[in-house]
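Biologist: Before I plan around this model, could we go through how its parts are arranged?

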There are 2 protein chains.
Amino acid sequence: METDIAIARSVALRPIAAIADSLHIPDEAIEPYGRYKAKISLEWLNARKSSANGKLILVTAINPTPAGEGKTTTSIGLADALRHTGRKAVLALREPSLGPCFGTKGGATGGGRAQVAPMEDINLHFTGDFHAITAAHNLLAAMIDNHIHWGNALQIDVRRVVWRRVLDMNDRALRDIVQSIGGVANGYPRESGFDITVASEVMAILCLADGLADMERRLGDIVVAYTRDRTPITARDLKADGAMAVLLAEAIKPNLVQSLEGTPAFLHGGPFANIAHGCNSVIATRAALSLGDYVVTEAGFGADLGAEKFFDIKCRQAGLAPDAVVIVATARALKMNGGVAKADLGREDVDAVRRGAVNLVRHIENIRQFGVPAVVAINHFYTDSDAEIAAIVEAAAQHGSRAILCRHWAEGGEGAVELADAVAELCDTHGGGFAPIYGDELSLFDKIDTVARRIYRAEHAVAEPSVLAQLKRWEDAGYGHLPVCLAKTQYSFSTDPALLGAPTGHIVPVREVRLAAGAGFVVAICGEIMTMPGLPRIPAAEAIRLNDEGLIEGLF
Amino acid sequence: METDIAIARSVALRPIAAIADSLHIPDEAIEPYGRYKAKISLEWLNARKSSANGKLILVTAINPTPAGEGKTTTSIGLADALRHTGRKAVLALREPSLGPCFGTKGGATGGGRAQVAPMEDINLHFTGDFHAITAAHNLLAAMIDNHIHWGNALQIDVRRVVWRRVLDMNDRALRDIVQSIGGVANGYPRESGFDITVASEVMAILCLADGLADMERRLGDIVVAYTRDRTPITARDLKADGAMAVLLAEAIKPNLVQSLEGTPAFLHGGPFANIAHGCNSVIATRAALSLGDYVVTEAGFGADLGAEKFFDIKCRQAGLAPDAVVIVATARALKMNGGVAKADLGREDVDAVRRGAVNLVRHIENIRQFGVPAVVAINHFYTDSDAEIAAIVEAAAQHGSRAILCRHWAEGGEGAVELADAVAELCDTHGGGFAPIYGDELSLFDKIDTVARRIYRAEHAVAEPSVLAQLKRWEDAGYGHLPVCLAKTQYSFSTDPALLGAPTGHIVPVREVRLAAGAGFVVAICGEIMTMPGLPRIPAAEAIRLNDEGLIEGLF
């Protein structure tokens with residue numbers, strides 16, 4: 001079997017100017033980064049805002065398992081298939097994070113014949129967006145401690161600094177630190193720590209801003225600390241917002257690349273899908289909608305986390321109305337949801353598929369609650385049996401959705417034509433029914449409880465009095481209208497990663513809440529959430545190197 | 001008076017492809033980064049290595065003062081003047097560091113009519129080189145702690161981990177930290193800290209490597225820690241070298257930009273000039289030598305630190321033989337060396353210039369010890385009087401050097417034609433006499449002592465027995481042949497920043513030594529050296545923002 005990287009390297013990419021030209025983007029609106037990447041001018045895109053008339057298709061998935069679902073691969077395959085069938089399709093996807101590439105993860109640019117390219121660049125530094133976000137985030141952190149060091153005119157309570165630092169690196173040693181030790185010249189010692197860059201509120205802001213001015217306003221709104229009497233201190237109070245916006249002025253321009261079949265793809269931004277909303281930038285989605293007739297985008301993790309946030313945070317804030325949803329499932333992942341161990345996934349087990357399909361069915365029902373039609377994409381794996389596929393099709397049909405077998409991994413866009421036709425039909429015949437699952441006017445805790453009950457199918461959410469008091473203080477301070485962003489394990493509808501399938505009767509405990517005033521949501525942490533990954537016992541980095549031809553080995 | 005940024009914005013830059021074309025660099029050897037920046041293919045440059053026949057001109061300076069000397073400005077003005085007089089000149093300069101731009105520093109791209117452009121890009125993220133260095137450095141750090149966490153098979157003594165982390169940010173709070181607190185999952189708590197990225201050994205390695213393979217070998221040689229019995233542990237032992245090289249595969253390609261007069265300029269790398277050698281990359285210098293007849297390059301700080309390291313570290317390692325040296329001086333800075341306070345520099349004071357000229361004279365004598373001819377460039381400031389200039393010319397002449405008044409700041413290359421003619425004549429009539437000031441075979445301490453006596457004109461160097469024992473251990477371990485890199489204050493020949501002029505009779509105390517086995521030198525720290533700057537009371541960042549036209553304000 002050919003590896004992803006071998007397939008990618010066998011395809012001759014088109015110059016990025018030709019891809020831009022296929023979207024009628026003029027030369028002066030393109031900033032090339034090498035031969036196959038470009039940033040697109042915001043001014044030019046802004047002038048086209050009113051023509052954002054494309055259909056918006058969200059690709060989401062069942063709860064992820066170690067078996068893999070292939071959400072990005074399916075997004076790319078679907079867009080290639082739409083294009084293959086004569087439709088003007090554009091992709092809007094997330095940029096991968098650098099740090100995890102050196103752990104276990106491998107790349108995040110699709111697979112098989114459904115990939116975006118150049119994959120080495122995209123998976124590593126790409127156009128520098130994440131580095132810019134890291135710099136902007138850490139400049140704010142430095143300005144906080146600098147302000148305190150020089151007299152603390154704003155009377156920041158050093159025990160109540162909530163802005164940590166970030167690095168795009170898996171480095172557990174930085175999760176919790178004591179900083180500013182070593183004497184007077186280094187400031188006031190206090191505890192703090194680092195998160196990975198994708199967990200930065202600056203990342204979420206870049207992805208939710210509708211332009212430079214909105215981004216700068218949001219950066220200014222970031223709450224970095226509190227005074228002793230709990231008055232919020234913002235980045236604007238520290239006069240950090242302007243310099244942060246300057247650091248992000250290039251990063252906010254969307255990046256254009258291509259799929260191996262030449263479909264234009266905007267890859268822009270990539271916030272975590274637990275403590276943040278997990279979608280590519282609003283700017284990239286809008287750009288794609290103004291340039292294409294069908295825009296394929298994706299959300300992080302499974303539909304319980306990713307699609308819910310796409311709808312309730314991104315679409316709500318940006319005024320987007322999705323036209324159709326694709327739920328990616330695989331026979332292998334459903335077998336795991338049906339109780340089969342990973343080592344046994346190669347054996348046919350139709351009953352296990354049927355048992356595990358409860359997970360898929362619940363996601364179908366959930367999507368329907370948002371008023372958007374859904375179709376299931378069965379991402380084909382060579383060990384799948386016809387009977388297993390039939391079981392998935394049957395389960396979906398019983399709940400009113402089509403499930404379509406797709407072979408884009410092996411065949412590219414041609415392998416997903418049936419899916420493309422079905423999705424295009426949904427877009428063209430449905431639409432207009434979308435609404436978020438809760439209104440702005442609900443209390444913050446009621447919003448959390450609504451998601452817990454209606455999406456996670458829990459009995460209800462619970463929280464300690466101190467958490468409820470914190471939510472109340474934010475409501476009093478004017479943040480009560482914000483949507484909520486629940487952070488929980490991606491492996492289960494519940495907060496227990498071992499509860500696969502479609503659990504009910506569970507409770508969602510809210511351990512901690514965090515205000516992301518700039519991004520515009522309140523994070524509710526439910527269970528253990530890791531915001532700085534570690535490297536595994538044998539990190540992928542050990543095998544990554546340049547070979548004698550100067551090509552990268554071991555990254556994928 | 002027009003500001004630097006106003007002058008820069010009034011000039012229409014040429015497309016970078018046209019600049020490359022002026023050097024006969026073919027299209028396929030160029031990777032554009034936007035319209036006015038490009039990276040040049042290493043393969044293409046390697047194929048031309050044998051034609052590196054240009055003359056190499058080093059621009060250095062008297063000891064820096066708060067009055068400013070204008071070394072980068074003079075480098076650019078000289079190159080523009082060489083070109084203005086029909087000579088094929090190319091610049092090879094350092095890239096500025098991002099972090100200090102938010103403190104007090106302003107940009108580092110020259111000034112007046114002698115600037116390289118686009119200055120906003122160059123001073124901020126540029127082509128991402130420093131971000132790549134930060135990532136490579138911190139990946140190694142993460143792999144060290146990860147190795148210890150998972151069982152420490154290499155038996156690293158956690159008290160003897162010498163590899164810190166880096167950020168390109170002025171952040172005093174990170175100078176000294178306790179890391180890995182918070183419990184078992186976060187590793188073994190220990191003290192560590194962050195330096196600014198320009199202080200990273202990875203930066204020095206990128207700047208001294210002659211290609212990808214050499215860079216990877218040097219990365220592998222980095223000593224990151226010791227075992228309990230003081231056996232060095234290297235990056236190669238941790239299998240980090242390959243992944244680090246992958247992270248640096250783009251960064252190692254030299255960046256091409258242009259001066260406001262269209263002179264091609266390679267800006268590549270920028271190590272500290274105290275704990276590292278302070279010069280742009282060997283690759284950029286070689287590229288310029290293969291493409292131009294006259295290559296103007298610069299070294300950090302004054303000639304005691306910068307030129308000495310350029311000769312004894314960079315030229316020694318890379319086999320470069322400089323043809324001429326330009327020592328930049330200003331009447332104002334010499335007045336400060338002659339005892340005048342900064343507030344009084346606007347008043348004519350010929351006697352103070354004469355007194356301060358001892359600093360200039362000593363640098364002239366020092367350069368002569370390396371066998372390279374020197375000329376003095378008097379960087380004109382509008383308050384300078386004719387008598388003050390005459391005093392400088394006279395002082396230089398008494399010691400066998402010409403001093404030439406230059407007006408490139410106000411007039412561009414046309415204002416430095418006399419300097420250009422003089423430098424070109426030196427290059428064409430002298431040459432061949434260069435030699436480092438000490439041989440490889442001297443002991444490490446004798447090398448330090450040689451620099452202290454012959455360049456700093458100290459009585460001698462001193463060190464505690466523990467420091468001498470450490471040097472001895474490195475000699476026993478096979479590092480004795482390395483050159484030394486003395487880190488001391490840049491303001492004085494001595495280790496006391498208040499001792500201006502030309503002090504004698506002082507002692508150089510070596511407080512600490514560090515092994516940079518990958519870069520290939522031993523650092524001797526003499527006095528207090530800050531490797532992580534802090535922000536000032538009112539950081540420049542507070543005034544930096546995008547204006548309504550989307551242009552950056554406050555950065556310069």
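The turns below take up the copies, a sheet and a helix pair of this predicted model.

Biologist: By what turn can chain B be laid on chain A?

Modeller: The superposition of chain B on chain A has an RMSD of 0.0 Å, with a shift of 0.0 Å along the axis. The two copies are thus related as by a two-fold rotation axis, and 100% of the contact residues of chain B recur in chain A.

Biologist: Which strands stand at the edges of the open sheet of three strands in chain A?

Modeller: The order in this open sheet of chain A is S7-S12-S13, with antiparallel pairing. An edge strand has a single partner strand, so one side of it is left without a neighbour in the sheet. The strands at the edges are therefore S7 (156–161) and S13 (232–234) of chain A.

Biologist: Which residue of S12(A) stands opposite A:Ile156?

Modeller: S7(A) and S12(A), the latter spanning residues 223–227, pair in the antiparallel sense over two bridges. Opposite A:Ile156, the residue in S12(A) is A:Thr227.

Biologist: Is H7(B) roughly parallel or antiparallel to H8(B)?

Modeller: The axes of helix H7 (residues 201–208) and helix H8 (residues 212–221) of chain B come within 9 Å and cross at roughly 150 degrees. Since angles over 145 degrees count as roughly antiparallel, that crossing makes H7(B), relative to H8(B), roughly antiparallel.

Biologist: What is the handedness of the crossing of H7(B) and H8(B)?

Modeller: The contact includes B:Val202 and B:Ile205 of H7(B) and B:Met215 and B:Leu219 of H8(B), and its residues divide into six nonpolar, no polar and two charged. The crossing of H7(B) and H8(B) is right-handed.

Definitions and conventions: Residues are numbered from 1 along each chain as its sequence is written. Chains are lettered from A and ligands numbered from 1 in the order in which they are written. This is a predicted model: local features need pLDDT of at least 70, side-chain atom pairs count only at pLDDT 80 or more; totals for chains, interfaces and linings use all residues. Side-chain values use heavy atoms; hydrogens and water are left out. Axes are lines fitted to C-alpha atoms, for helices over the stretch in contact, and angles run from 0 to 180 degrees between N-to-C directions. Helices (H or I, at least four residues) and strands (E, at least two) are DSSP runs, numbered from the N terminus. Angles under 35 degrees count as roughly parallel, over 145 as roughly antiparallel, 65 to 115 as roughly perpendicular and the rest as oblique. A crossing is left-handed if the near helix is turned anticlockwise from the far one by less than a right angle, and right-handed if clockwise. Contact means heavy atoms within 4.5 Å. Ala, Val, Leu, Ile, Met, Phe, Trp, Tyr, Cys and Pro count as nonpolar, Asp, Glu, Lys and Arg as charged, and the others, Gly among them, as polar. Copies are superposed by least squares on the C-alpha atoms of residues with pLDDT of at least 70 in both. Two strands pair if DSSP finds at least two bridges between them.
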